[in-house]
Structures are given as structure tokens and as C-alpha cells.
Amino acid sequence: MSIVWYYDFISPFAWLQWPKIKALAAEQPVTLRPILFAGILDLCGQKGPAEIPAKREFTYRYTLWRAQQAGVPLHFPPSHPFNPLAALRLCIAAGTTVAATDAIFGWIWGHGRAGDSIEALAPVADALGIDDPAKAIADPAVKAQLRENFDAAVAEGVFGVPTLSLDGHLFWGDDAHAFAMACLRDPSLWNSPEMQHVAALPVGAARQA
């Protein structure tokens, strides 16, 4: 089964799911694909949670609560949302490995440090053995890979992060991880009669004001 995880370092929910993805990757191959969440929002014509004031406050409180429940350290970076391009490109420049992903996530969300520039991420780059991080993230091959990751996400129909893809079946969010693991253990669950029924439901008319 093809297992792909789409994520952006801007997402606290991706940080919450990351320990589970690491555990899964220790058991079987998982392709890590960092993508630009803002591009997905633009494509879908949506606002991010942090762009809606009441939703922003709730989301931040909710992620903190979920982290406390899971026993996962979570410290927000100095500003949020932030531009994650440097972090995404650094991850790719470092090979998009578990170690690179872990180091960047840990820096931003485990320790609450800035991840919005290569200068802010310099200690992470140094720990990953990248001598000239500014040059590394400006490499056309790195930029092209980030674009390829985004195109792959679009081709699969990804609409948010984090998203775990199991043979093209999408499981969005940390809170869907248990559902994903159930389907991984028993792929027939995805195509049970009731699952097929809800997937084929017609779209109703929008409510009128």
C-alpha cells in the first residue's frame, strides 16, 4: 500500500500527528511530502483557520488542549501564521528525511521558536549538516521539488494539512489518524456498504438567506 503524508510546518495539527507518523514510518515505508498549505487554501477558495478571528482563538486553545491530552509538548512560535517557505525548502534540501522533519517541527512547535526565515532556522540547518542554508533553499531543484509535492497533493485531491494518503484514500487531520490506521489494517472498511452510500450522496441545495 502506498502511504504518503502531506504536511506544512505552519500547522500545529501536523505537529500533533507527527509522533504517530514517525511511529508508522518505523514500521513501514511512508513518503513524506511537505507542501505549502496556503497554496491549497487558494486553490480551494478557502480561508485558513487563523484568518477568521473567532476560529483562530478556538483553534489555538483546542490544539493546546489536544497536546496536553496526548502528552505532546506544544509551544506556539513568536507569530502565527507565518511564512513557512524557508522551513519547507530546508526540509527538502535536507532530503525530506524523518530526522529533518523532526528537527524542524521540534524547533518550531516543540520549543516555540521562529521558523519564518532561513536566519531563524540557521541552528536547525547547522544541526542537519547544511553549511550554507541560504544557498541550499535557493537551489532550483529544491524549489522544483516543493512544486512537485504540491502538484502531487492537488492530483490526489488534498484539501488540507496534515493529510495521510493510503493508496489515494485521504485522511485529513490528526484526529482522523485512528480512522486511517483502522483502514490500513482492514482496507475493506473504506468500501463497506454504508461508506459507499455516504460517498455517493447527492449534494443538496444551499440554504437561502
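Tutor: Before we start, a residue is called buried when its relative accessible area is under 20%. Also keep in mind that this is a predicted model.

Student: Fine. Which residues of helix H4 are buried?

Tutor: Helix H4 covers residues 85-93, and its buried residues are Ala86, Ala87, Leu88, Leu90, Cys91 and Ile92.

Student: What covers the buried residues of H4?

Tutor: The cover includes two strands, S1 and S2. It also includes helix H5 (98-110), helix H6 (122-127), helix H7 (133-137) and helix H8 (140-156).

Student: And which glycine follows H4?

Tutor: Glycine 95 does, with a positive phi near 100 degrees.

Student: Let's switch to the sheet. What is the order of the strands?

Tutor: The order is S2-S1-S3-S4, in an open sheet of 4 strands with mixed pairing.

Student: Which strands stand at the edges?

Tutor: Strand S2 (31-34) and strand S4 (169-172) do. Each has a single partner strand, so one side of each has no neighbour in the sheet. From one strand to the next, the twist averages 20 degrees.

Student: In what sense do S1 and S2 pair?

Tutor: Strand S1, residues 3-7, pairs with S2 in the parallel sense over 4 bridges. Within that pairing, tyrosine 6 has arginine 33 of S2 as its bridge partner.

Student: What about S3 and S4, parallel or antiparallel?

Tutor: S3 and S4 run antiparallel and are joined by 4 bridges. Leucine 164 stands opposite phenylalanine 171 in S4.

Student: How many residues lie between the strands in the hairpin of S3 and S4?

Tutor: There are 2 residues between them, and in this hairpin aspartate 167 takes a positive phi near 50 degrees.

Student: Which helix packs on the sheet?

Tutor: Helix H9, residues 177-185, packs on the sheet and touches S1, strand S3 (163-166) and S4. The direction of H9 makes about 10 degrees with that of S3.

Student: One more topic. Where is aspartate 174?

Tutor: Aspartate 174 sits in the loop between S4 and H9.

Student: Buried or exposed? I mean aspartate 174.

Tutor: Aspartate 174 counts as buried, because its relative accessibility is 5%.

Student: Which residues does aspartate 174 touch, not counting residues up to four places away in sequence?

Tutor: On that count, aspartate 174 touches Phe13, Leu16, Gln17, Lys20, Arg66 and Pro162.

How values were computed. Residues numbered from 1 in each chain as written. Predicted model: local features only at pLDDT ≥ 70, side-chain atom pairs only at ≥ 80, totals over all residues. Heavy atoms only, no water. Pairing = 2+ DSSP bridges. Axes fitted to C-alpha atoms, helices over the stretch in contact; angles between N-to-C directions. Contact = heavy atoms within 4.5 Å. Buried < 20%, exposed > 50% of the residue type's maximum accessible area, 1.4 Å probe, protein only.
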